[in-house]
Amino acid sequence: MKFNLMAFAKKLLPSFFKDLYVLKSRLYNVEIESSVKLYRPYHISNCRIGNYTYIANDSYVSYADIGKFCSIGPHFCAGWGIHPTDKISTSPMFYSTRRQNGTSLVKDDKLIERKKIVIGNDVFIGVNVTILDGVRIGDGAIIAAGAVVVSDVAPYSIVGGVPAREIKKRFPDEQIETLKTIKWWDFEDGRLRLVEQYFDDVEGFVKAIRD
């Protein structure tokens, strides 16, 4: 019986690369609710992620609180530290004890290097988005693909660009304030049917909640 190398390789390689994806994925000190979906490979540390949120592949997320019902596209990068811009050098070996480049000349940290990122509920983040430390993203916001978010984003606003700037609001101010008050993302699962029922009718949804 002849050994068929090509057939063996075709059978083995998919499993091999799948195992590599698993190895590349890492969770560390992460609080994840039961209905969260993470697509491999990912690197997520020191985070909290709310129910029904998904994070697409090749995402690197650190030191962030992420709300419920968020839709996060691939190649998402958030929370990788703060470098000084007004000092002699930006290299951490002169201000940090963490030895990021393998060396440190200081005994005590000179700067705050990390600030938590807060991403609200029902936030959509497109492909290739970067969010810097300390930024807060409001509920219902949309971050356009390729954006670099360097400052806070208001609820239900659409932002894009480098650096990201507001493009427009998703709804009139009165509707936004009402949706912020309703907080439908905190509904029990059975009541979420109302969101589906009035998916394209914001006024109808608000009326149904108030009645």
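Student: In this predicted model, what share of the contacts between residues at least 6 apart in sequence joins residues at least 24 apart?
Tutor: Start with contacts in the protein chain between residues at least 6 apart in sequence. Then keep those that join residues at least 24 apart. The share is 24%.

Student: How many helices and strands does the protein chain have?
Tutor: Helices and strands are counted along the protein chain. The count gives four helices and 15 strands.

Student: What percentage of the residues in the protein chain is buried?
Tutor: The protein chain has 211 residues. Buried means under 20% relative accessible area. Buried residues make up 36%.

Student: Which element gives the largest share of the largest nonpolar core?
Tutor: The largest nonpolar core has 29 residues. Strand 3, strand 5 (59-66) and strand 8 (117-119) are the elements that give two or more residues to this core. Four residues are the largest share, and they come from strand 3.

Student: Which residues have the most contacts inside the largest nonpolar core?
Tutor: This core holds 29 residues. Three of them have the most contacts inside it: I119, I131 and I137.

Student: Which residues does I137 contact, leaving aside neighbours within four places in sequence?
Tutor: I137 is among the residues with the most contacts inside the largest nonpolar core. I119 and I131 are on that list too. Both are also contacts of I137.

Student: Is S45 buried or exposed?
Tutor: S45 sits in strand 3 (residues 42-49). Leaving aside neighbours within four places in sequence, S45 is in contact with Y28, N29, V30, V61, S62 and Y63. The relative accessibility of S45 is 7%, so S45 counts as buried.

Student: How does L27 count at 41% relative accessibility?
Tutor: L27 is in strand 1 (residues 26-32). Not counting residues up to four places away in sequence, L27 touches I32, L38, Y42 and I44. Buried needs under 20%, and exposed needs over 50%. At 41%, L27 is therefore partly exposed.

Student: How far apart in space are L27 and V61?
Tutor: In sequence, L27 and V61 are 34 residues apart. In space, the distance runs from C-alpha to C-alpha. That distance is 9.9 Å.

Student: Why do helix 2 and helix 4 count as oblique?
Tutor: Helix 2 covers residues 173-182, and helix 4 covers residues 202-210. Their axes come within 11 Å and cross at roughly 45°. Angles under 35 degrees count as roughly parallel, and those from 65 to 115 as roughly perpendicular. The two helices are therefore oblique.

Student: What is the handedness of the crossing of helix 2 and helix 4?
Tutor: Helix 2 brings Q175, T178, L179 and I182 to the contact. Helix 4 brings V202, E203, F205, V206, I209 and R210. By class, six residues of the contact are nonpolar, two polar and two charged. The crossing is left-handed.

Student: Which helices do the buried residues of helix 4 pack against?
Tutor: The buried residues of helix 4 are G204, F205, V206 and I209. Among them, F205, V206 and I209 take part in the contact with helix 2. The buried residues pack against helix 2 and helix 3 (193-197).

Student: Which residue does a cis peptide bond join to P41?
Tutor: P41 lies in the loop between strand 2 (37-38) and strand 3. The bond has an omega of about -5°. The partner is R40.

Student: What is omega for the cis bond from V162 to P163?
Tutor: P163 is in the loop between strand 14 (157-160) and strand 15 (165-169). The bond runs from V162 to P163 and is cis. Its omega is near -10°.

Student: What is the phi of D122?
Tutor: D122 is in the loop between strand 8 and strand 9 (124-125). At 22% relative accessibility, D122 counts as partly exposed. D122 is not a glycine, although its phi is positive. The value is about 55°.

Notes: Residues numbered from 1 in each chain as written. Predicted model: local features only at pLDDT ≥ 70, side-chain atom pairs only at ≥ 80, totals over all residues. Heavy atoms only, no water. Axes fitted to C-alpha atoms, helices over the stretch in contact; angles between N-to-C directions. Parallel < 35°, antiparallel > 145°, perpendicular 65-115°, else oblique. Left-handed = near helix turned anticlockwise from the far one by under 90°. Contact = heavy atoms within 4.5 Å. Nonpolar A, V, L, I, M, F, W, Y, C, P; charged D, E, K, R; others polar. Buried < 20%, exposed > 50% of the residue type's maximum accessible area, 1.4 Å probe, protein only. Core = buried A, V, L, I, M, F, W, Y, C linked by side-chain atoms within 4.5 Å.
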